[in-house]
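Please read this report with the structure open beside the text.

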Amino acid sequence: MTEKVQKQTEQLIHRLVEAINEAPDKFNNYYDLGSLLTRLQDYEQAEELFMKALGIFEPKGDQKAVNLLKYGLGNLYYSVGHVDRAISYYNQIEDAKLKGDAYLMLAQSYMKKQAYKQAVAYGLTALDLRPTDPEIAQVLGDSCLALGEFKPAKDYYDRILKRHPGRADTQFNRGLVAMALGEPYESFLTQAKQLDPDYYAKSEQKIAEIEHTLQALGDHDEK
C-alpha cells in the first residue's frame with residue numbers, strides 16, 4: 001500500500017468511525033467499516049465491530065440490519081478460511097436483495113470445501129436470481145470443470161466470454177474445457193496468458209494435469 005493510499009484509507013476509517021459515533025442507529029456505517037477492515041485484513045477488529053453491531057440491532061428486531069451484518073460476518077469468515085462458519089451466516093440471510101449475493105458466496109464456500117455438487121446447486125439458485133452475473137457463471141463453470149462435466153462448463157464459460165472477454169480465469173478454464181473435449185484450445189490459453197501472465201503461470205500446472213488425465217483415459221480405452 002502506497003503512502004497516499006494508506007493516508008486515504010486512514011481518512012476513510014476515521015470518517016466511518018465518526019459517522020457511527022454521530023448516528024449509532026445507522027447500520028450501514030457499521031457494515032461499511034467492518035467490510036473495509038476485512039479488506040485491510042484487520043480481521044479481529046472487523047469481527048468485534050460486526051458482533052457489537054449485531055448486539056445493537058438484533059434486540060431491536062431490525063431484520064434489514066441483521067441480514068446485512070450477518071452477510072458481512074460471513075464474508076469475514078470466508079476471507080480467513082473459516083468456511084463452515086461463513087456458510088452458517090450466509091444460510092441465515094433472508095433479505096430478498098441479499099439472497100443472490102448469499103447464494104453466490106455459498107457456492108464459492110462449497111467450492112473451497114471441494115464440495116462441487118453443492119456448489120453447483122447453490123450456483124444454479126443464484127443464477128435464477130441473477131442470470132447475467134459473470135461471477136455466478138464462473139463458479140458454475142469451475143464447479144462443472146472440477147466434476148468433469150465439460151459440456152456444461154463450456155456453456156457457462158461461453159456465456160461469460162460473450163460479455164466479458166477480458167477475464168483471464170475464464171479464458172484459461174475455457175481452454176482446459178476445450179482441451180478435454182478435444183476441441184481447439186490454444187487461442188483461449190494464449191489470451192489468458194496475454195491478459196494475466198501471473199495468473200497463467202500459477203495455473204499452468206492444470207494444463208499438464210488435463211493432458212495427463214486425457215492420456216490416461218486414452219490408454220484405458222486402448223486396452
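Predicted model: local features only at pLDDT ≥ 70, side-chain atom pairs only at ≥ 80, totals over all residues.

Residues are numbered from 1 along each chain as its sequence is written, and side-chain values use heavy atoms, with hydrogens and water left out.

**Helix α1**

Helices here are DSSP runs (H or I, at least four residues), numbered from the N terminus. Helix α1 covers residues 3-22. Its 20 residues should span 28 Å at 1.5 Å a residue, and the end C-alpha atoms are 28 Å apart, which agrees. The expected span is 1.5 Å times one less than the number of residues.

Buried means under 20% relative accessible area, exposed over 50%, and partly exposed in between (1.4 Å probe, protein chains only). Thr-9, Leu-16 and Ile-20 are buried in α1. Seen down the axis of α1, its buried residues fall within an arc of 40°, so they line one face of the helix. That arc is taken from the directions from the helix axis to the C-beta atoms. The face turned away from the buried side of α1 carries exposed residues, among them Glu-3, Lys-7 and Arg-15. The cover over the buried residues of α1 includes α2 and α3.

**Aromatic rings**

Rings of Phe, Tyr and Trp (its six-membered ring) pair if their centres lie within 6.5 Å; planes under 30 degrees apart count as stacked, over 60 as edge-to-face and the rest as tilted. The whole structure holds nine aromatic pairs. Tyr-30 and Phe-57 form an edge-to-face pair, 5.7 Å centre to centre, with 80° between the planes. Tyr-30 lies in helix α2 (residues 27-39) and Phe-57 in helix α3 (residues 43-57), so the pair ties together parts that are 27 residues apart in sequence. Both Tyr-30 and Phe-57 are buried.

Tyr-110 and Tyr-122 form a stacked pair: 5.4 Å centre to centre, 5° between the planes. This pair links distant parts of the chain, with Tyr-110 in helix α6 (residues 96-112) and Tyr-122 in helix α7 (residues 116-129), 12 residues apart. Tyr-110 counts as buried, at 11% relative accessibility. Elsewhere, Phe-27, Tyr-30 and Phe-57 form one aromatic cluster.

Charges also sit over rings. The test is NZ of Lys or CZ of Arg within 6 Å of the ring centre and within 35 degrees of the ring normal.

| Charged residue | Ring | Distance from ring centre |
|---|---|---|
| Arg-85 | Tyr-77 | 4.9 Å |
| Lys-112 | Tyr-78 | 4.1 Å |

**Gln-171**

Gln-171 lies in helix α10 (residues 168-180). Is Gln-171 buried or exposed? Gln-171 counts as buried, at 3% relative accessibility. Contact means heavy atoms within 4.5 Å. Leaving aside neighbours within four places in sequence, Gln-171 is in contact with residues including Leu-161, Phe-188 and Leu-195. A polar atom of the Gln-171 side chain lies 2.9 Å from the backbone oxygen of Pro-165.

**Two loop residues**

Gln-41 lies in the loop between α2 and α3. Its phi is near 65°, a positive value in a residue other than glycine. Gln-41 is exposed, with a relative accessible area of 58%.

Gln-114 sits in the loop between α6 and α7. Phi of Gln-114 is near 60°, also positive in a residue other than glycine. Gln-114 counts as exposed, at 58% relative accessibility.

How values were computed. Polar contact = N/O pair within 3.5 Å; in protein donor to acceptor, adjacent residues only side chain to side chain.
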